[in-house]
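This briefing goes with the sequence and structure shown below. It covers a helix pair, the domains and the strand pairings in turn.

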Amino acid sequence: MNEATHLLATDLDGTLVGDRKGLDRLLGFYESQEYDVSLIYITGRHHQSAMSLIEQENLPIPEVLITDVGTEIHLGPALEKDSAWEHRMLKHWQPEAIDKLAASFKGLKKQDLPVSNRCSFYAEDSDTVLAFEQRLASAGIPHKLIFSGGRDLDILPAESGKGAALQYILDKFNAHEAKMLVAGDSGNDKEMLTLGFPSVIVGNAQPELLQSPESPMIFRASKVCAGGIQEAWNYFHPE
Ligand SMILES: [Mg+2]
């Protein structure tokens with residue numbers, strides 16, 4: 001990551017992964033360039049699940065793997081956990097209080113996940129999410145709320161999130177000068193897509209993302225998944 005000249009920061013499901021042919025074309029395209037492209041994967045999956053997907057889909061091993069909607073970061077050749085990030089995140093984190101509040105909502109069902117650094121639920125509808133958000137705020141519980149795909153509700157430590165984690169990594173490696181592209185397809189990607197870097201909403205994106213305001217830094221691809229990434233790469237970084 002140090003001295004990266006080109007950088008792809010991408011979500012996995014529905015963005016990098018989802019169209020095999022498009023993915024093979026994108027990887028072949030990067031292979032044929034004179035420069036190297038550093039990879040950062042940023043996913044809502046938990047770490048083990050992300051590693052399985054990487055293996056299953058035979059994806060290149062990234063230099064940084066950000067999982068659990070930006071609450072966990074693994075990096076380096078051995079993909080070791082970044083404990084400085086974890087420490088910072090867990091300072092004001094109150095998962096028990098969040099779960100307790102959530103239990104009084106009929107429209108929220110706890111997701112069964114082997115993680116403690118986020119509280120994830122299936123939400124019945126957006127009204128439930130809104131009401132829950134108000135309860136969290138009036139209880140003064142620090143958090144970040146992410147609603148994705150009309151169903152997945154993640155309550156995260158306030159300092160976390162895909163955008164915050166990506167920003168942390170760019171700061172850590174002083175990588176702001178790299179030619180970059182950020183790619184995503186759903187609501188939990190919004191934060192990283194609106195950091196102000198060249199970004200792409202792939203053609204198959206969820207409505208919640210398609211409805212976000214137009215910006216010159218956000219390219220709306222016509223192609224789905226990895227094909228959309230390549231389309232946007234050529235748009236922002238023609239060489
Ligand atoms: Mg996705």
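**Helix packing**

Helix 1 and helix 9 cross in the left-handed sense. The model in which they cross is a predicted one. The two helices are residues 20–31 for helix 1 and residues 225–236 for helix 9; their axes come within 7 Å and the crossing angle is roughly 35 degrees.

- On the helix 1 side, the contact is made by Gly22, Leu23, Arg25, Leu26 and Phe29.
- On the helix 9 side, Cys225, Ala226, Gly227, Ile229 and Gln230 make the contact.
- Of the residues in this contact of helix 1 with helix 9, six are nonpolar, three are polar and one is charged.

**Domains**

- The domain assignment divides the protein into domain 1, with residues 6–88 + 160–236, and domain 2, with residues 92–156.
- Taken over C-alpha atoms, the centres of domain 1 and domain 2 are 25 Å apart.
- Twelve residues from domain 1 and twelve residues from domain 2 take part in the contact between them.
- On the side of domain 1 that touches domain 2, nine residues are polar, two are charged and one is nonpolar.

- An open sheet is formed by eight strands in the order 5-4-3-2-1-10-11-12, with mixed pairing.
- Strand 5 (80–81) and strand 12 (218–220) are at the edges; each has a single partner strand, so one side of each has no neighbour in the sheet.
- Strand 11 (residues 199–201) pairs with strand 12 in the parallel sense, over three bridges.
- In that pairing, Ser199 is placed opposite Ile218 of strand 12.
- Helix 2 (residues 47–56) lies across strand 2 (37–42), strand 3 (64–67) and strand 4 (72–75), and runs at about 130 degrees to strand 3.

- Strand 7 (residues 119–123) has alternating side chains: Cys119, Phe121 and Ala123 point to one face and are buried.
- Strand 6 (residues 108–110) runs antiparallel to strand 7 and is joined to strand 7 by three bridges.

Notes. Residues numbered from 1 in each chain as written. Predicted model: local features only at pLDDT ≥ 70, side-chain atom pairs only at ≥ 80, totals over all residues. Axes fitted to C-alpha atoms, helices over the stretch in contact; angles between N-to-C directions. Helix = DSSP H or I, 4+ residues; strand = E, 2+ residues; numbered from the N terminus. Left-handed = near helix turned anticlockwise from the far one by under 90°. Contact = placed C-beta atoms within 7 Å. Nonpolar A, V, L, I, M, F, W, Y, C, P; charged D, E, K, R; others polar. Domains from an automatic or database assignment. Pairing = 2+ DSSP bridges. Buried ≥ 20, exposed ≤ 12 C-beta atoms within 10 Å, placed from the backbone.
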